[in-house]
Amino acid sequence: MSKMIEAMTKQIVRNEILEILAQAGNAGAGKKLIKMALLREHQNLEAADTLIDESLNYLIMKKLIIKKEYENRRLGIRN
């Protein structure tokens with residue numbers, strides 16, 4: 001039963017991430033924004049960083065989302 005709950009939690013998080021990215025449109029959304037949006041909706045989400053990382057990597061692997069690296073040395077911004 002525990003594995004089934006864990007699998008459903010992962011699926012819910014993946015769906016939420018896809019919805020957040022769909023709302024963000026072409027501008028996209030960073031990991032911090034995704035994390036804050038998920039925590040706002042699901043305050044009881046445990047191990048949020050690990051679960052979000054795993055879910056993002058899974059969605060990238062399945063080619064449902066694209067990860068773009070960016071950097072601005074002048075402003076000190078690095079993804």
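User: How many residues line the largest pocket, and which lie nearest its centre?

Analyst: A pocket is found on a 1 Å grid over the protein atoms alone, as an open set of points where a 1.4 Å probe fits, with protein on both sides within 12 Å along at least five of seven lines; lining residues have an atom within 4 Å of a point. Here 22 residues line the largest pocket, and those nearest its centre are Ala-29, Gly-30, Ile-66, Lys-67 and Lys-68. Helices α2 and α3 (48-61) are the elements that each give two or more residues to this lining. This is a predicted model, in which local features need pLDDT of at least 70 and side-chain atom pairs pLDDT 80 or more, while totals for chains, interfaces and linings use all residues. Residues are numbered from 1 along each chain as its sequence is written, and side-chain values use heavy atoms, with hydrogens and water left out.

User: How much space lies in the largest pocket, and what classes of residue form its lining?

Analyst: The volume, meaning the space filled by probe spheres set on grid points joined across faces, edges and corners, is about 690 Å³ for the largest pocket. Its lining divides into 11 nonpolar, 6 polar and 5 charged residues. Nonpolar covers Ala, Val, Leu, Ile, Met, Phe, Trp, Tyr, Cys and Pro; charged covers Asp, Glu, Lys and Arg; the others, Gly among them, are polar.

User: What pattern does the chain follow along the sequence?

Analyst: Helices (H or I, at least four residues) and strands (E, at least two) are DSSP runs, numbered from the N terminus. The chain has 3 helices and 2 strands, in the order α-α-α-β-β. Its C-alpha atoms fill a box of roughly 50 × 25 × 20 Å along the principal axes.

User: At what angle do α1 and α2 pack?

Analyst: Two packed helices are described by the angle between their axes and the distance between the axes. Each axis is a line fitted to C-alpha atoms over the stretch in contact, and angles run from 0 to 180 degrees between N-to-C directions. Helix α1 (residues 2-24) packs on helix α2 (residues 31-41) at about 120°, with axes 10 Å apart. The pair is therefore oblique, since under 35 degrees counts as roughly parallel, over 145 as roughly antiparallel, 65 to 115 as roughly perpendicular and the rest as oblique.

User: Which residues of α1 and α2 meet?

Analyst: Contact means heavy atoms within 4.5 Å. From α1, Val-13, Glu-16, Ile-17, Ile-20 and Leu-21 meet Ile-34, Ala-37 and Leu-38 of α2. This contact has 7 nonpolar, no polar and 1 charged residues.

User: How do α1 and α3 cross?

Analyst: Their axes come within 10 Å and cross at roughly 70°, so α1 and α3 are roughly perpendicular. The contact includes Thr-9, Lys-10 and Val-13 of α1, and Leu-51, Ile-52 and Glu-54 of α3. By class, there are 8 nonpolar, 2 polar and 3 charged residues in the contact of α1 with α3.

User: Which residues join α2 to α3 in contact?

Analyst: The axes of α2 and α3 come within 11 Å and cross at roughly 120°, which means that α2 is oblique to α3. Lys-31, Ile-34, Lys-35, Leu-38 and Leu-39 of α2 meet Ala-48, Asp-49, Ile-52, Asp-53 and Leu-56 of α3. The contact of α2 with α3 holds 6 nonpolar, no polar and 4 charged residues.
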